[in-house]
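Hi everyone, thanks for making time. I'd like to walk you through one model today, so let me put it up on the screen.

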Amino acid sequence: MSAPPSPHEGLPARQLAAKYGLSVSGARPGLGEYVRQLWGRRHFILAFSQAKLTAQYSQAKLGQLWQVVTPLLNAAVYFFIFGVILEADRGMPREVYIPFLVTGVFVFTFTQSSVMAGVRAISGNLGLVRALHFPRASLPISFSLQQLQQLLFSMVVLFAVSAGFGSYPDLSWLLIVPVLALQFLFNTGLALIMARAGSKTPDLAQLMPFVMRTWMYASGVMFSIPIMLEGKPQWVANVLQWNPAAIFMDLMRFALIDGYGSENLPDHVWAAAGGWAALFAVGGFVYFWKAEERYGRG
Amino acid sequence: MAEQQTELVPTVIADELHIVYRVNGAKTGKGSATAALSRIVKRGSDDAARGVRKVHAVRGVSFVAYRGEAIGLIGSNGSGKSTLLRAIAGLLPAEKGKVYTDGQPSLLGVNAALMNDLTGERNVILGGLAMGMSREEIKERYQDIVDFSGINEKGDFITLPMRTYSSGMAARLRFSIAAAKDHDVLMIDEALATGDRKFQKRSEERIRELRKEAGTVFLVSHNNKSIRDTCNRVLWLERGELRMDGPTEEVLKEYEKFTGK
């Protein structure tokens with residue numbers, strides 16, 4: 001060994017580092033500092049989500065038109081199966097049921113795709129994580145932002161469907177904004193949790209579709225929970241109605257559809273929506289941050 | 001070294017650094033479903049029994065790098081050079097030991113952030129943002145990046161998706177984006193030396209420029225000539241261990257003897 005002569009011979013590394021103000025590379029910053037760094041990367045987060053969104057359909061001939069056509073086809077399929085064949089529209093007139101169903105599908109898809117993107121946010125982007133430095137939370141947040149933009153395209157379809165079935169724009173449509181904001185917070189928190197879990201156990205990507213499908217059928221996407229569960233114990237309906245997915249769907253339906261009044265909503269529904277959003281956004285963020293320095297290990 | 005007289009200021013300190021990769025489902029033998037099941041059942045036992053293989057890529061490397069040094073990393077394939085770079089950059093968590101750095105070291109390379117389905121134009125912006133540049137900085141340097149890459153020399157290619165580029169063109173654009181930012185501690189992986197002869201010359205020049213601006217430069221290369229040209233100190237890694245650390249000529253002489261050149 002012929003290391004070059006060092007004037008610091010004998011000084012332990014830690015003291016040498018302290019003497020010259022060096023910090024541990026890749027150490028996890030404090031929570032406040034982490035939020036500040038994340039805010040500094042806001043342009044990257046937005047640009048990355050938009051890039052992902054654009055790249056999705058860039059090889060298709062119809063190009064970005066698919067942003068609108070895909071949700072439209074989705075709605076048509078669900079309508080055909082549940083509206084025409086299974087007649088799940090019990091207790092609702094047709095002009096309520098169709099927007100009811102389409103709203104449910106779109107709102108739930110928003111959460112579902114955020115979760116699925118979240119699971120793969122770190123494990124599917126190891127190359128990026130291992131090459132560049134940025135707060136890792138940028139990735140799951142960026143992916144939920146991508147899903148939010150995707151939903152905004154779907155909303156165009158949704159507005160058309162609602163108007164087509166007699167629910168015209170009125171003041172209550174303004175409620176869509178807070179509903180979307182709260183759901184976005186909830187989804188992002190959930191995506192952060194799934195991102196950490198998925199980085200440790202990539203197998204979750206295989207498991208989650210089943211979990212999400214169960215959640216979808218239990219949340220009353222294509223039927224009204226109180227009507228379907230008539231005769232069952234009250235607590236079952238309560239649990240289903242209070243689950244976050246059902247709450248966000250119900251609020252969106254209440255905002256959009258004229259014939260879907262507040263009698264369909266559980267009590268204190270706004271408090272519940274805000275509570276779920278706050279709980280998951282804050283909890284998910286802290287949970288994700290706790291493992292910040294460990295992302296990127298194979 | 002010319003600045004031998006001035007005080008040596010450390011910029012990177014590696015202290016008994018160990019890096020271990022864990023690879024899932026790489027158990028020797030059959031990768032059958034039953035094997036996977038038994039892996040889950042044996043959850044409580046150690047990693048090896050569960051089919052998680054550990055690759056000990058860096059084993060107890062210690063060194064101190066000073067401001068103004070250009071350090072070459074040499075060693076045969078798989079000796080842990082790139083892994084060591086990533087660990088210094090704080091991108092790979094250390095299993096044991098620590099790396100102390102002055103500021104945020106950056107790896108020269110943005111490949112992973114770029115998307116083939118987007119136009120060159122959008123990739124320049126995306127890559128710049130991914131490296132932590134601000135929108136204004138990117139706007140300022142946009143034309144330089146495009147000119148440097150030479151993408152538009154053969155027509156307006158920058159507005160086409162990157163998947164339509166030839167591999168050489170794509171590599172040139174990637175290097176141009178990566179090299180657009182100034183760094184305190186800069187690390188260069190050899191894979192960047194791409195493109196035709198003309199572009200290689202241009203990028204070598206750019207690397208020298210970056211070196212001047214950066215405090216400390218690390219260069220991974222299998223090309224002993226480019227190590228001689230740019231570095232004043234060399235770390236020789238073999239099987240994840242630091243085999244030699246010293247002035248370029250001394251280490252390279254031993255290394256060439258070792259590789260039988």
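So here's a question to start with: how are helix 3 of chain B and helix 4 of chain B oriented to each other? Before I answer that, some housekeeping. This is a predicted model, so local features need pLDDT of at least 70 and side-chain atom pairs count only at pLDDT 80 or more, while totals for chains, interfaces and linings use all residues. Residues are numbered from 1 along each chain as its sequence is written, and chains are lettered from A and ligands numbered from 1 in the order in which they are written.

Okay, back to those two helices. Their axes, helix 3 of chain B against helix 4 of chain B, come within 10 Å and cross at roughly 125°. Axes here are lines fitted to C-alpha atoms, for helices over the stretch in contact, and angles run from 0 to 180 degrees between N-to-C directions. Helix 3 and helix 4 of chain B are therefore oblique to each other; under 35 degrees would be roughly parallel, over 145 roughly antiparallel, 65 to 115 roughly perpendicular, and the rest is oblique. The crossing of helix 3 and helix 4 of chain B is right-handed, meaning that the near helix is turned clockwise from the far one by less than a right angle, with anticlockwise being left-handed.

Who makes that contact? From helix 3 of chain B we have B:Val124, B:Ile125 and B:Gly128, and from helix 4 of chain B there are B:Ile138, B:Tyr142, B:Ile145 and B:Val146. Contact means C-beta atoms, placed from the backbone, within 7 Å. By class, the contact of these two helices has six nonpolar, one polar and no charged residues. For the classes, Ala, Val, Leu, Ile, Met, Phe, Trp, Tyr, Cys and Pro are nonpolar, Asp, Glu, Lys and Arg are charged, and the others, Gly among them, are polar.

Let me stay on B:Ile138, which sits in helix 4 (residues 135-149) of chain B. Why do I call B:Ile138 buried? Because it has 22 C-beta neighbours inside 10 Å. The cut-offs are 20 or more other C-beta atoms within 10 Å for buried, 12 or fewer for exposed, and partly exposed in between, again with C-beta atoms placed from the backbone. Leaving aside neighbours within four places in sequence, B:Ile138 touches B:Ile125, B:Gly128 and B:Met133.

Zooming out, chain B has eight helices and nine strands; helices (H or I, at least four residues) and strands (E, at least two) are DSSP runs, numbered from the N terminus. Of the 261 residues in chain B, 45% are buried.

Chain A has 13 helices and one strand, with 42% of its 298 residues buried. Its C-alpha atoms fill a box of roughly 85 × 50 × 35 Å along the principal axes.

One helix pair to point at in chain A is helix 3 (residues 42-56) with helix 7 (residues 138-164), packed at about 50° with their axes 8 Å apart. Helix 3 and helix 7 of chain A are oblique to each other too, and their crossing is right-handed. By class, that contact has seven nonpolar, six polar and one charged residues.

Now, how do the chains meet? 48 residues of chain B are in contact with 37 residues of chain A. On the chain B side, the largest share, six residues, comes from strand 1 of chain B. By class, that side has 29 nonpolar, eight polar and 11 charged residues. There's strand pairing across the chains as well, which takes at least two DSSP bridges: two bridges join strand 1 (residues 23-24) of chain A to strand 4 of chain B, running antiparallel. In that pairing, A:Ser23 stands opposite B:Thr101.

Last stop, backbone angles. A:His268 has a positive phi of about 50° without being a glycine. It lies in the loop between helix 12 (244-256) and helix 13 (269-289) of chain A, and A:His268 is exposed, with 11 other C-beta atoms within 10 Å. Over in chain B, B:Arg239 has phi near 55°, also positive and also not glycine. B:Arg239 is in the loop between strand 8 (233-238) and strand 9 of chain B, and is partly exposed, with 14 other C-beta atoms within 10 Å.

Key:
Contact = placed C-beta atoms within 7 Å.
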